[in-house]
Amino acid sequence: MTPTIAIIGALEKEVRQIYTSIEHGTVCEEAGLKIIGGEYHGFNIVSTTAGMGTVNAAAAAQHLISKYNANAIIFSGIAGGLNPALHIDDVVIGERLRYIDTDTALIAESKPGLEEFESTDFLVDLAEETLISHGFMDANLSDEEIARGTQARSVADASFFRRNNTNAEPRRYLRGTIATGDRFISGKELRDQVVAVTQADCAEMEGAAIAHVAAKNGIDCLVLRAISDNCNESYDALCEREFDLEDYARSASALTLAIVRRLAAKLGLESR
């Protein structure tokens, strides 16, 4: 049986590239969602824009699992950076996902009995491999370790995505913690509160809910976030940078497609 991957974004711009990349596409309206179906490198793909917030994300994820028997969910998009080692357009792989404003002990009284959630290990590894192949460097490395002439920098500069532009600073990635809550994080006071509660590397409004629903259903998931701001501007101000926002969202969805291609190669789907 052909495996099915559900790809979800909170905003239409975060999944637009997915819509245009799949083959034999279909479109339908269900459960308040516009759902795009199709094929991509040996997988069945179902993709949708969930809308912002934990309820929208959870509802979309459960619908795609129940209706389309998704074997895995990938959620990609943008987030506000909390870790000073991260810069705009860097990427966080959501190794851990924590709620900001939830009594997690009460949540854990129900299946799956967890107070925090995780992306699936092998998908986290796959995402890291993909980012390295795209010339990203681990944000945990010191300035000395990423300087020109070091092994890590040489690997990054030799990638297809950097070999013609090695003077540019390499983008970074982290296998890190993503904080999820139902409000837009802006301003030092709120930012500091989120860091104190979650020790997270970035903040957004959907990731933990996606991983929560995946865990509840016993399927794999991956949450991936490109940094669009440093939680230091309002949502309206962020939206005024529409060109930049499109670019960051496109970066996240391009990486999602690259991860799917790498997974297909590992599973031998394209040779069938």
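Me: Hi! Is R163 buried, exposed or partly exposed?
Reply: Hi there! This is a predicted model, and in it R163 is partly exposed, with a relative accessible area of 48%.

Me: What does R163 touch, not counting residues up to four places away in sequence?
Reply: R163 touches D157 and A158.

Me: How far is R163 from G135?
Reply: Their C-alpha atoms are separated by 8.8 Å, and R163 and G135 are 28 residues apart along the chain.

Me: Let's zoom out. How many helices and strands does the protein chain have?
Reply: The secondary structure comes to 9 helices and 11 strands.

Me: What is the radius of gyration, and what would a compact globule have?
Reply: The protein chain has 18 Å. A compact globule with 272 residues would have a radius of gyration near 19 Å, so the value for this chain agrees.

Me: What box do the C-alpha atoms fill?
Reply: Taken along the principal axes, the box is roughly 50 × 50 × 35 Å.

Me: And how much of the chain is buried?
Reply: Buried residues make up 51% of the 272 residues.

Me: What about contacts between residues at least 6 apart in sequence: what share joins residues at least 24 apart?
Reply: That share is 75% in the protein chain.

Me: OK, new topic: helix α7. How many of its residues are buried?
Reply: In helix α7 (residues 207-217), 8 of the 11 residues are buried, so the helix is largely enclosed by the rest of the structure.

Me: Which ones are they?
Reply: The buried residues of α7 are G207, A208, A209, I210, A211, H212, V213 and A214.

Me: Tell me about I210. What is its relative accessible area?
Reply: For I210 the value is 0%, so I210 is buried. Beyond residues up to four places away in sequence, I210 touches I8, A57, A61, I73 and F75.

Me: How far is I210 from C221?
Reply: I210 and C221 are 11 residues apart along the chain, and their C-alpha atoms are separated by 7.8 Å.

Me: What follows α7?
Reply: G218 does, and its phi is positive, near 70°.

Me: Which residues have a positive phi although they're not glycines?
Reply: H41 is one of them, with a phi of about 50°. D89 has a positive phi too, of about 80°.

Me: Where are those two?
Reply: H41 is in the loop between β3 (33-40) and β4 (43-49). D89 is in the loop between β5 (72-81) and β6 (91-99).

Me: Are they buried or partly exposed?
Reply: H41 is partly exposed, with a relative accessible area of 30%. D89, at 13% relative accessibility, counts as buried because the cut-off for buried is under 20%.

Me: Where is there a cis peptide bond?
Reply: A cis peptide bond joins K111 and P112, with omega about 10°. You'll find P112 in the loop between α3 (104-107) and β7 (117-118).

Me: Switching to cysteines: how many disulfides are there?
Reply: The count comes to 0 disulfides.

Me: And C28 and C202, buried or partly exposed?
Reply: C28 counts as partly exposed at 24% relative accessibility, whereas C202 counts as buried at 0%.

Me: What about V55, buried or exposed?
Reply: V55 is exposed, with a relative accessible area of 63%. V55 lies in helix α2 (residues 54-68). From C-alpha to C-alpha, V55 and T4 are 23 Å apart in space, and 51 residues apart in sequence.

Me: Which residues lie nearest its centre?
Reply: R171, R250, S251, A254 and L255 do, out of 14 residues that line the second largest pocket.

Me: Where does the largest share of the lining come from?
Reply: From helix α9 (residues 242-267), which gives 8 residues to the lining of the second largest pocket.

Me: And by class?
Reply: The lining of that pocket has 6 nonpolar, 3 polar and 5 charged residues.

How values were computed. Residues are numbered from 1 along each chain as its sequence is written. This is a predicted model: local features need pLDDT of at least 70, side-chain atom pairs count only at pLDDT 80 or more; totals for chains, interfaces and linings use all residues. Side-chain values use heavy atoms; hydrogens and water are left out. On a 1 Å grid over the protein atoms alone, a cavity is a set of points where a 1.4 Å probe fits but cannot get out, and a pocket is an open set with protein on both sides within 12 Å along at least five of seven lines; lining residues have an atom within 4 Å of a point. Helices (H or I, at least four residues) and strands (E, at least two) are DSSP runs, numbered from the N terminus. Ala, Val, Leu, Ile, Met, Phe, Trp, Tyr, Cys and Pro count as nonpolar, Asp, Glu, Lys and Arg as charged, and the others, Gly among them, as polar. A disulfide is a pair of cysteine sulfur atoms within 2.5 Å. Buried means under 20% relative accessible area, exposed over 50%, partly exposed in between (1.4 Å probe, protein chains only). The radius of gyration is taken over C-alpha atoms; the globule rule is 2.2 Å times the number of residues to the power 0.38. Contact means heavy atoms within 4.5 Å.
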